[in-house]
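Have the structure open while you read.

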Amino acid sequence: MIPENLQNDAQKIIDLINKSQNIILTAHLRPDGDAIGSVSGLMKSLEKMGKRVDVDLLDGVPSRFPFVWPENHELLKKPEIESDHDLIIVLDCGDAERHGITFKYDKSKTTLINIDHHASNTMFGDVNYVDTGAQATCEIVTALIDKAGFSLDIDIAESLMLGLMTDSRIFSNENMRYTTHEAAAALLRTGLSISRILNTLNCGRKEVDLRLQGFGLSNFKLECNEHLATLVITQKDLAKFNANVSNIFASGIFNIPLTIESVTASVVIFEREDGFSACEFRSRGGINVKEVAVALGGGGHLPASGCSQQIPIEEMAEKAIELMKKQVNDFYNK
């Protein structure tokens, strides 16, 4: 499951974990299925090996995915950590700021490991394992556990399968590598049933999520000969439904426009509660939305990326839509 060019990096991380006892894990702010899945899955595996594991997530566990988090495991929410851990492992983060935590540590005693699959990763770790061909960080963690012979049971597998399924869009992403299916097979061999994950993803929406989806379907616009779908959601729009930003993510509105026959790219621009304006970009057929996200200070994958800036939503919408128009037009005119 591990590409040949990453075998040495993988072994280096396995050796570091084997000789370490105190480990702290974190992932990006506003964790999605892959972030919480990779953190909880690796945490459970390490603890079953007898390691002492702390987890620091400033935004906590997403309300949609409580089933992958052990009730008895205390979660840190500290913006600054004076770390005397043997290892700091940062999962699913494209850069050193995205987790929102300041780690103060002695490099002669503590090693920071960066494990990720985003092409925009800045290689900020003391040790970096970045596999841009992997569909999810959970795929990488599964491969590391498999190679090392670390603990893997149904409980661990459910965490890792959550991230694998969410970031691969339930195994529907284009250009998927065979290793994604190898990772899924390794997780299913534990006896895992994916029914709880599927029910959460397909049947776990609230009424407000669907009301907001309906708003999005009624208000998106088509540009670039109907190849680009755009949607702007303000805090005033959210207030009409007594909704918040988490309902936007749960509504599924980021991907639905791509089901239109002519649409190959989409952008949803929305206002967050903290005063930031954010964008989520999606595409199919090879349009690179990561380049647009990076230009706006974000990052991600070729077909799925995001960004945020502390600017008015009107300004963000103007910048994001113009950049997306150029990206789509250039793609079709090349």
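**Rings and cores at a glance**

Phe-270 counts as buried, with a relative accessibility of 1%. Keep in mind that this is a predicted model. Phe-270 also belongs to a cluster that ring pairs build together with Phe-249 and Phe-254.

**The aromatic cluster**

- The count of aromatic pairs comes to five.
- One of them is Phe-249 with Phe-254, an edge-to-face pair with 5.1 Å centre to centre and 85° between the planes.
- Phe-254 is buried at 5% relative accessibility, while Phe-249 is partly exposed at 42%.
- Phe-254 and Phe-270 make a stacked pair, because their planes sit at 25° and their ring centres are 6.1 Å apart.
- Phe-254 is in the loop between helix 9 (245-251) and strand 10 (265-271), and Phe-270 is in strand 10, so this pair ties together parts that are 16 residues apart in sequence.

**The nonpolar cores**

- The largest nonpolar core has 53 residues, and the members that touch the most others are Leu-25, Val-55, Ile-89, Ile-115 and Tyr-129.
- Helix 4 (residues 154-167) gives this core its largest share, seven residues.
- What does Ile-89 contact, leaving aside its neighbours within four places in sequence? Its partners are Ile-17, Ile-23, Ile-24, Leu-25, Thr-26, Leu-42, Ile-113 and Ile-115.
- There's also a second, separate core of 21 residues, with Cys-279, Phe-281, Ala-293 and Ala-317 among them.
- As background, nonpolar side chains in soluble globular proteins tend to be buried together.

Terms used
Residues numbered from 1 in each chain as written. Predicted model: local features only at pLDDT ≥ 70, side-chain atom pairs only at ≥ 80, totals over all residues. Heavy atoms only, no water. Phe/Tyr/Trp six-rings, centres within 6.5 Å; stacked < 30°, edge-to-face > 60°. Buried < 20%, exposed > 50% of the residue type's maximum accessible area, 1.4 Å probe, protein only. Helix = DSSP H or I, 4+ residues; strand = E, 2+ residues; numbered from the N terminus. Core = buried A, V, L, I, M, F, W, Y, C linked by side-chain atoms within 4.5 Å. Contact = heavy atoms within 4.5 Å.
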